[in-house]
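Hi,

Here is the structure I said I would pass on.

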Amino acid sequence: MSRILSDEALDIIFRTARTQNAWTDEPVSDETLHKLYELMKWGPTSANCSPARIVFVKSKEAKEKLAPALSAGNLAKTMAAPVTAIIGYDVEFYERLDYLFPHDLTAKTWFNWSKEWAEQTAFRNGSLQGAYMMIAARSLGLDCGPMSGFDMKKVDEAFFAGTTVKSNFLCNLGHGDPKGLFPRSPRLPFDDACKIV
């Protein structure tokens, strides 16, 4: 049995995937968001640290809470999206390593000796998990609109106050309206971006 995905699957996940700027009014169910997480959580992270923490903003009240943190260019499309995922990362992720990495109960000490080192690890691995989330979303038939145009401090105060979680990026989720797409932009060729040594 081949472990290579079909061209159709690769198209859905990567080649025809677009950053969406407009959305249909088709809703995204809570069940779909649960399925999305159940897929993305299996993506590998350093020492299985799994620092990503996600808030799926769906309700009108939660969208209004998010709105003041958005840049002008991201406001309308975010208000129109069925869901906006706030992908955050827990800077004290190591407190869960006794559960997440049980075969070495000293793993916490690999990270808790330095706030800077812990945050770098959390940001790096939380970013990976955000990418896994988008792959999972596309695999489940959703479109994505990742964004970094927002005030992180405002988002942290509104959604992560009193926690050890910081926001990383936002990603609108739903069913994109092709009318909102820009022309497809180029990507760097292999030789401009990669070396084999």
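You will find Gly162 in the loop between helix H7 (152–159) and S4. Helices (H or I, at least four residues) and strands (E, at least two) are DSSP runs, numbered from the N terminus. Gly162 and Ser50 are 112 residues apart in sequence, and their C-alpha atoms are 20 Å apart in space.

A word on the ground rules. This is a predicted model, where local features need pLDDT of at least 70 and side-chain atom pairs count only at pLDDT 80 or more, while totals for chains, interfaces and linings use all residues. Residues are numbered from 1 along each chain as its sequence is written, and side-chain values use heavy atoms, with hydrogens and water left out.

Now the sheet. Four strands make an open sheet, ordered S1-S2-S4-S3, with antiparallel pairing (two strands pair if DSSP finds at least two bridges between them). The edges are strand S1 (52–57) and strand S3 (143–147); each has a single partner strand, so one side of each is left without a neighbour in the sheet. From one strand to the next, the twist averages 25° (axes are lines fitted to C-alpha atoms, for helices over the stretch in contact, and angles run from 0 to 180 degrees between N-to-C directions).

Strand S2 (residues 83–90) pairs with strand S4 (residues 165–174) over eight antiparallel bridges. Among the partners in S4, Leu170 goes with Ile86 and Phe169 with Ile87. On the S1 side, six antiparallel bridges join S1 and S2, and Arg53 stands opposite Gly88 in S2.

S2 is largely enclosed by the rest of the structure, because eight of its eight residues are buried. In a regular strand the side chains alternate between the two faces of the sheet. In S2, Val83, Ala85, Ile87 and Tyr89 are buried on one side, and Thr84, Ile86, Gly88 and Asp90 are buried on the other.

As for the helices, H2 (residues 30–40) lies across S1, S2 and S4 and runs at about 165° to S1. Helix H4 (residues 72–80) packs on the sheet as well, touching S2, S3 and S4, and its direction makes about 150° with that of S3 (contact means heavy atoms within 4.5 Å).

Cheers

Key. Buried means under 20% relative accessible area, exposed over 50%, partly exposed in between (1.4 Å probe, protein chains only).
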